[in-house]
Amino acid sequence: MNMSADISTNAYSISAWPDYPDLMGRLNALLKQPVRGIARQNMPQVLDYFEQKCKTSKALAERAKEVIPGGVQHNLAFNYPFAIAAAKVDGAYMWDEDGNRYIDFLQAGGPTILGSNYQPVRQKVHEIVESCGPVTGLLHEYEIKLAEIIRKYMPGIEMFRMLGSGTEAVMGAIRLARAHTGKKWVIKVGGDYHGWSDQMVYGMRVPGTGRREAHGIPKGSTAYTQEVFPNELGSLRRKLMLNKIRGGTAAVIVEPLGPESGTRPVTPEYNREVRKLCDEFGALLIFDEVVTGFRVGMGGGQGYFNVKPDITVFGKAITGGYPMAGGIGGRKEIMMTLAGGIGGKGGKRAFVGGTLSANPLSCVAGYYAIEEMARTGAPVLAGRAGDRLTAGLKEIMNRLGLPYVVYNMGSIVHLQTSAVLLMSMRNPIKLMREADARKHLMEEMGAAYLSRGILTLAGSRIYTSMADTDDVIDDALNRFEDVFKLV
Ligand SMILES: Cc1ncc(COP(=O)(O)O)c(C=O)c1O
C-alpha cells in the first residue's frame with residue numbers, strides 16, 4: 001500500500017507540469033497520423049466479451065433505450081457496444097451487473113479522490129440521514145463546517161455559497177460577476193467545459209465552434225459570451241480592449257489546467273497572465289475548479305499555480321461524490337451579493353437558490369471527505385498513482401512502437417489514441433472529415449479497455465484515486481498492454 005499519513009496538505013498531486021512544446025508536438029504528430037486502433041481482425045474478440053460476459057448489462061441497456069433518450073444519462077457515458085450497468089463500487093474497483101470486476105479509473109467522473117464509496121465518509125452520511133434525513137430546509141451546522149474547511153485550505157475563499165451542481169455554480173458565478181461589476185461580457189476559453197447553461201454552450205469541446213452545439217438556445221442567451229483560443233493571450237487582450245468601449249467584461253472564466261481538465265494543457269504562465277489582464281481591464285477572474293478543486297491538491301488549481309481568482313466554482317469533490325455538488329467561493333466583498341434569506345438589506349442581489357441546495361447530507365459528506373483528504377494526503381497519493389501509471393504506459397507504448405500520447409497532471413491522466421480532442425476550427429476540413437472516425441476510435445479503445453477489466457472516461461481519460469495502490473496500477477498496466485497488443 002503506498003499510503004502514508006505524513007503528506008503535507010500543502011503538497012500538490014502534480015509533480016511536474018507537462019513540457020508544453022514537447023507535448024503539443026507529440027499530440028500534433030498523432031493528429032497528423034491516420035487513425036490507428038484495434039486491428040480489424042481483433043475487434044470481434046473485444047465485442048465478444050460484451051456478448052458473452054455482459055448479458056445482464058445488455059438486457060438492461062435494451063430496456064434503458066426504451067425509456068431513456070440514448071439509453072444513458074451522462075454525455076460521456078460508456079455506451080459502445082452498449083452501456084454497462086454498475087452494481088457495486090468499492091475503492092479502486094467497480095463490479096457490473098454480471099459480476100465482472102473492473103479497475104475503476106472513471107471514479108464517477110472525478111469526484112471520488114478517496115476512492116469509490118469510501119467507508120469513513122459513508123458512515124457520517126448514514127448518521128446524518130438517521131438523525132435528520134437528507135434535507136430540512138433550515139441552517140445546519142455542517143453547512144458552516146463545510147464553508148470553514150474550504151476556507152482553511154483555500155484562503156482566498158472567505159465565503160462560500162452552496163448550489164446543486166457545477167453547472168448551477170457556473171451560472172451563479174457569472175451572474176455574480178455581472179452584478180458585482182455592472183459589466184456584461186463573459187470570455188471563456190474555446191474547448192473549456194463549464195456545464196450546460198445557455199450562456200456556456202459556446203465553443204464547447206472544439207475551440208472556435210461558437211454556437212455549433214447551441215441547439216435550443218436563442219442567440220440572445222449567448223450574445224454576451226465570447227471565446228478565445230487556448231493559450232492565446234493576444235486575442236484575450238484584444239477582446240478585453242474591444243469590450244471596454246461596449247459595456248465592459250464582467251469575467252474571464254477558465255479551467256485552470258486548460259480545456260477539458262487539461263486535455264489541451266495551459267502553458268505554465270497562462271493563468272498568471274490572465275490574472276494580470278483581468279486586473280488591467282477590471283474584469284473578474286473565475287476559476288472553474290469543478291474538477292481541480294482538491295484533486296490537484298488541497299489548495300486546488302489556484303494553490304498549484306499560486307494565482308488568486310476572484311470567484312471560484314466548485315463541484316464534484318466538494319461533496320466527496322455525494323449528490324448536489326456545486327458551490328461558489330470568493331472574497332467577502334464579492335460574495336455578499338449572493339446573500340440568501342428573506343428581507344432586503346437594500347443591497348443588490350445576484351439571485352440563486354435551490355430547494356435541496358446545501359442540504360445536510362451533501363454538507364456532511366463534503367466536510368468529512370475534505371477532512372479525510374487532508375488527513376490521508378489523498379490528492380498526493382492519487383497523483384503518485386497517476387505518475388506511476390503514466391510512466392508505465394509510456395514504457396509499454398514505446399516498446400510496442402505505438403504513436404499514442406500519454407501525460408498526466410497528477411491524478412488526471414490523459415491517454416490520447418486518436419487526438420480528436422485536439423482538433424479545432426483552425427482546420428475545419430480535417431475536423432469535418434476525421435472527427436467521426438477519431439471519435440469512434442476512442443469508443444473502440446474504451447470498449448477494448450473494458451473487455452480487459454479497465455474502466456476509463458470515454459476511452460481517453462483516467463482519474464486515479466487514493467485507492468490505487470502500486471499493485472492496482474501494476475495490474476492495470478498488464479491489462480493495458482494486453483489491449484495495446486491488439487492494435
Ligand atoms: C470543469 C467543469 N465545469 C463544470 C462542470 C459541470 O458540472 P456538473 O456536471 O456538476 O454540472 C464540469 C463537469 O464535468 C466540469 O468538468
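**Close-up views of a predicted model**

View 1. Angles under 35 degrees count as roughly parallel. On the H7 side the contact is made by Leu233, Leu236, Arg237, Leu240, Met241 and Lys244. H9 contributes Tyr270, Glu273, Val274, Leu277, Glu280 and Phe281. By class, this contact of H7 with H9 has eight nonpolar residues and four charged ones, with no polar residues. The model shown here, as in the other views, is predicted.

**View 2. Helices H14 and H15 pack at an angle of about 130°.** H14 covers residues 428-451 and H15 covers residues 470-484, and their axes lie 9 Å apart. That angle makes H14 oblique to H15. The crossing of H14 and H15 is right-handed. Met445, Ala448 and Tyr449 of H14 meet Phe480, Val483 and Phe484 of H15 in the contact. The residues of this contact divide into six nonpolar, no polar and no charged.

**View 3. Thr456 sits in the loop between strands E13 and E14.** Strand E13 spans 454-455 and strand E14 spans 461-463. Is Thr456 buried or exposed? Thr456 has a relative accessible area of 7%, and buried means under 20%, so Thr456 is buried. Leaving out residues up to four places away in sequence, Thr456 touches Phe105, Leu106, Gly446, Tyr449, Arg461, Ile462 and Phe480. Among these neighbours, Tyr449 of H14 and Phe480 of H15 also take part in the contact between those two helices. Gly446 is 10 residues from Thr456 in sequence, and the C-alpha atoms of the two are 6.6 Å apart in space.

**View 4. The whole protein, for orientation, has 15 helices and 14 strands.** Its radius of gyration is 22 Å, close to the 23 Å that the globule rule gives for 487 residues, so the protein is as compact as a globular protein of that length. The C-alpha trace spans about 70 × 55 × 50 Å along its principal axes. Of the 487 residues, 57% are buried. Among contacts between residues at least 6 apart in sequence, 75% join residues at least 24 apart.

How values were computed
Residues are numbered from 1 along each chain as its sequence is written. This is a predicted model: local features need pLDDT of at least 70, side-chain atom pairs count only at pLDDT 80 or more; totals for chains, interfaces and linings use all residues. Side-chain values use heavy atoms; hydrogens and water are left out. Axes are lines fitted to C-alpha atoms, for helices over the stretch in contact, and angles run from 0 to 180 degrees between N-to-C directions. Helices (H or I, at least four residues) and strands (E, at least two) are DSSP runs, numbered from the N terminus. Angles under 35 degrees count as roughly parallel, over 145 as roughly antiparallel, 65 to 115 as roughly perpendicular and the rest as oblique. A crossing is left-handed if the near helix is turned anticlockwise from the far one by less than a right angle, and right-handed if clockwise. Contact means heavy atoms within 4.5 Å. Ala, Val, Leu, Ile, Met, Phe, Trp, Tyr, Cys and Pro count as nonpolar, Asp, Glu, Lys and Arg as charged, and the others, Gly among them, as polar. The radius of gyration is taken over C-alpha atoms; the globule rule is 2.2 Å times the number of residues to the power 0.38. Buried means under 20% relative accessible area, exposed over 50%, partly exposed in between (1.4 Å probe, protein chains only).
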